[in-house]
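I opened this entry to keep track of what I looked up, working from the charged pairs to the sheet, then to the helices and the core.

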Amino acid sequence: MTTTAQDTQRPDLLTAEDVAAYLRVPLHTVYRLHRQGRLRGAAVTAKNLRWRRSDVDAYLAALARY
């Protein structure tokens, strides 16, 4: 099976599970950070949130400054 360039690109919108794996934190931490306004997310539907990878990277960069 061959891999195309599109297959190797990282998706721009991440689920809560994706963010938790990316940050290496429990899932409830992702939701807590979102509720506290420390990690911006976008509501896709009333029950579904997604996070832009750029917002997650910005959160990590802000942590690195401390």
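**Charged pairs**

I began with R52, which is partly exposed, its relative accessible area being 38%. I kept in mind that the model is a predicted one.

Is D55 buried or exposed? I noted D55 as buried, because its relative accessibility is 17% and the cut-off for buried is under 20%. R40, by contrast, is exposed, with a relative accessible area of 53%.

**Sheet**

Next I followed R52 into the strands, where R52 in β3 is the bridge partner of L13. β1 and β3, the latter covering residues 49-52, pair in the antiparallel sense over two bridges. I recorded the whole sheet as open, with three strands in the order β1-β3-β2 and antiparallel pairing. β1 (13-14) and β2 (42-43) stand at the edges and have a single partner strand each, so one side of each is left without a neighbour in the sheet. I also checked what lies on the sheet: α4 packs on it and touches β1 and β3, its direction making about 65° with that of β3.

**Helix α3**

Which residues of α3 are buried? I listed T29, V30 and L33. Seen down the axis of α3, these buried residues fall within an arc of 105°, so they line one face of the helix. The buried residues of α3 pack against α2, β3 and α4, whereas the face turned away from the buried side carries the exposed residues H28 and R35. Just after α3, I noted that G37 takes a positive phi of about 80°.

For V30 I listed contacts other than its neighbours within four places in sequence, and these are A16, V19, A20, V25, L39 and W51.

**Core and L23**

The largest nonpolar core has 11 residues, among them L14, V19, L23, V30, W51 and Y59. α2, α3 (27-35) and α4 (53-64) each supply at least two residues of this core, and α2 gives the most, with four residues.

I finished with L23, which is placed in helix α2, residues 16-23, and counts as buried at 15% relative accessibility. With neighbours within four places in sequence left aside, L23 is in contact with L39, V56, Y59 and L60. For L23 and V56 I noted a separation of 33 residues in sequence, against 8.4 Å in space from C-alpha to C-alpha.

Conventions: Residues numbered from 1 in each chain as written. Predicted model: local features only at pLDDT ≥ 70, side-chain atom pairs only at ≥ 80, totals over all residues. Heavy atoms only, no water. Buried < 20%, exposed > 50% of the residue type's maximum accessible area, 1.4 Å probe, protein only. Contact = heavy atoms within 4.5 Å. Core = buried A, V, L, I, M, F, W, Y, C linked by side-chain atoms within 4.5 Å. Pairing = 2+ DSSP bridges. Axes fitted to C-alpha atoms, helices over the stretch in contact; angles between N-to-C directions. Arc of directions from axis to C-beta.
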